[in-house]
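Hi,

Have it open while you read.

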Amino acid sequence: MTNNQPSISGKEKIPFYRDERIIMIFAQVLSAVMIIGILIWAIINFFKAAEARNMTLTFGFLKEAAGFPISNPPIDYEPGMSYARAFQAGLINTLLISGIGIIAATIIGTLTALARLSSNWLLSRIALVFIEFHRNIPLLVLLFIWYFVVFGMVPPVTESLQWPGPIFVNKRGVYLTWPRLTETGSIFVVLISIGIIVSLIVFIMLRKRRKITGKDTYYSPISVGVLVIFFLAGWSLSGGTPFQLDIPYFAGINYQGGLRLTPEFAGMFLSLSLYTAAFIAEVVRGGIQAVDRGQIEAARAVGLSQIQVLSLVIMPQALRIIIPPMISQYLNLTKNSSLALAIGFQEFFAVGKIAINQAGRAVPVFALIMITYLSLSLLTSFVLNIYNRRIQFVTR
Amino acid sequence: MVNIAIEQDHIRPPQPPGLIKWIKENLFSSIFNTVLTILLIPLISYLLFAVFRWVFFAAEWRAVTQFPLLYAVGQYPRDQIWRVGIILSGLFLFLGISWGRWGGLLKSISFTAGLIMLVTSLLPVQHPALDLNMRLYLGSNLLTILVGYLLGSKTAIKNTHIFIGWLLVPVCGIVLLAGFEASELIPDVSTTLWGGLLVTILLAAGGILLSFPLGIALAFGRRSSLPVVSAFSTVFIETIRGVPLVTILFMFSIILALFLPVESRIDRLVRALMAVTVFSAAYSAENIRGGLQAVPLGQIEAAKALGMGNFKTTIFIVLPQALRAVLPAIVGQFISLFKDTTLVVIIGINDFLGIGRSIINSDPEFVQMRTEVYIFMAVVYWIFSYLMSLASRRMEAAMGTSNNM
């Protein structure tokens, strides 16, 4: 809307109040004065309020002792430790629940999308019911149902449910059997890590060679072979026992060992990943359905196998459509993890809220919360956008 | 002749498959599908049976059925509840008028609303909240809708009158709900007493109505050639989209007061409304911006060539096309705004979910019935959101903007 009208020379002169250039400059100045004026007004009010209530405006308090407990902190934390440490614990909880939630939601969502597209009517209807159920109720209601209703019905410690695994479920949480590294296990881990890197390099180099020379270099079997060799070497060097299953056992009043998920964590994790999975399912379904049928028929016609059609024709094209909305779902999940506050799972926002309630720290704590979430969002979208751009480039 | 007859036979759409053929194609098309079907049928039957048995025999619905008014309006004084009734009737009147004028989707909405009113007024149960007055009132709404319909079909009422009416009802409604301090007839009712579905709908409807123009303004602001305006809009939109709604709610309930003059005091329900409005506006702005970008430049040039000014071009040429293109996305945003209003529970406002929670916590006996209460909450929210998405799909189909291929 910036088309400068060609000035009509000579005959009639445009009055200054209809000259677009002058109007633009006037609007520019007016908007600047208004916005900056309101900001200055707010800041003056703020300094008055800060003086009257004797508020802290600096981040110096981060070094002070926090003085509040965090239940089941992911890192070593005690009330005597600093605010910075408390925020760190909260942030790790947020990242933990978001990371695991994203993985689970992606898997469940993709499976649901495939079920929705199934030629079996019953399966497709079940997927539809799952999607419509989760998309149309608020996440907070879902969270309360999982936490208060489902985990509220779980039996007390002495009558724990036992599921294959073994997994024990009781009021104190979910106890999983978990593989833990033995003393020699670190050798195994180091060798496997090297193996993954080496086989990736081999894979990329051989594939490149094939693209240049056109000769089959058997890059998939060779790189898998490299990985297997490293795996076997690690296995034997660590004496055949790199891992030991840590099985939870009943010790008088409570279960010991294994990996314990608190009811808060489990409830938050389940509701968050199921809720997001329903949205991801719709994204994936839309992406797969958007691939032209002719593409699939053409791929079959040139003799590609079923798996090749899926991996070389459908997925690359579908991914292009799926990834951008998927990124926004991941960001939503991360932001929604702040709802954990409502059931007392102490992630970053919950820790921040306690710090806000402690007199006089509202503003710096709030700034910290905003900056953290903003940088999480920006970082995620930055990383995934790079990946997205690569995908778009490869296919086009 | 024979040839032509065969042609026509060929053109005819294929017959819908028979039941057996349908079952064969959709349930037993391959070995894998057959196995899957055989496994799924008993599972589904068992689940349906279990749900049915729980709902009708095992569940104790007392915590839900005992307090219909609490769920509807919260602690709003019971002797003042007629004010809510008047607003509801006002809405029904204008719903009827719009139905008479435009028909279509509004007809279905009117029918649904009327049916719900009729059924509740005739419910064959004894309940203290559902006395004769209440039954008569609910039944009278059916008449209100019909009167509206008759008024709406008359041409004497202009379209602008209807639009003004739609704007006046909520505004007058809020004033009526709040009341005046000095008034005998409508004494003021503190918003701390408002609750239940009333607050949920107020927040959702208020948020939708206010965030829409704000979102349009932000979208234009972001595309503006004035650097100050565009920078401000961009920072505003991106900041709000980058943080969780809980943060915005806390910002308005705690931090905002620090940036306003000391003596000013904003009601906490209004602060919650401001928070959901600002939050939703940032998302709407991005949707609308997408629509604005989709309007071909030729349209704007043509409008200019016809001698339309900037303002006219925007209002009559750009906006209608832009909004049409992004209607599904905007309605989707409104649905999520409706669901997001539940978060006000966290800052201590008793919306529908909040009332449910306080009923559960009010009595140890009701703690045992929390399953029923939460299921009831989920069902109510589900019905509202599902109806909204259904309406949006119908609207898309009617406007021909559907992008399902």
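**Where the chains meet**

The contact between the two chains draws on 46 residues of chain A and 44 residues of chain B, where two residues touch if their C-beta atoms, placed from the backbone, lie within 7 Å. Before you go further: this is a predicted model, in which local features need pLDDT of at least 70, side-chain atom pairs count only at pLDDT 80 or more, and totals for chains, interfaces and linings use all residues. Residues are numbered from 1 along each chain as its sequence is written, while chains are lettered from A and ligands numbered from 1 in the order in which they are written.

On the side of chain A that touches chain B, at least two residues each come from α1 (20-53), α3 (121-135), α4 (139-150), α9 (306-336), α10 (348-357) and α11 (362-395) of chain A. α1(A) gives the most, with 11 residues. By class, that side has 32 nonpolar, 12 polar and two charged residues (Ala, Val, Leu, Ile, Met, Phe, Trp, Tyr, Cys and Pro count as nonpolar, Asp, Glu, Lys and Arg as charged, and the others, Gly among them, as polar).

**Chain A as a whole**

Chain A has 11 helices and eight strands; these are DSSP runs numbered from the N terminus, helices being H or I with at least four residues and strands E with at least two. Its radius of gyration is 29 Å, well over the 21 Å that the globule rule gives for 396 residues, so chain A is more spread out than a compact globule. That radius is taken over C-alpha atoms, and the rule is 2.2 Å times the number of residues to the power 0.38. Along the principal axes, the C-alpha trace of chain A spans about 90 × 65 × 45 Å.

**A helix and a sheet**

Helix α5 (residues 185-213) of chain A has 29 residues and reaches 42 Å from its first C-alpha to its last, close to the 42 Å expected (1.5 Å times one less than its number of residues). After α5(A) comes A:Gly214, with a positive phi near 85°.

There is also an open sheet of four strands in chain A, ordered β1-β2-β3-β8 with antiparallel pairing; two strands pair if DSSP finds at least two bridges between them. Its edge strands are β1 (161-163) and β8 (259-261) of chain A, each pairing on one side only. Strand β3 (residues 173-176) of chain A is joined to β8(A) by three bridges, and A:Val174 has A:Leu261 as its bridge partner in β8(A).

Cheers
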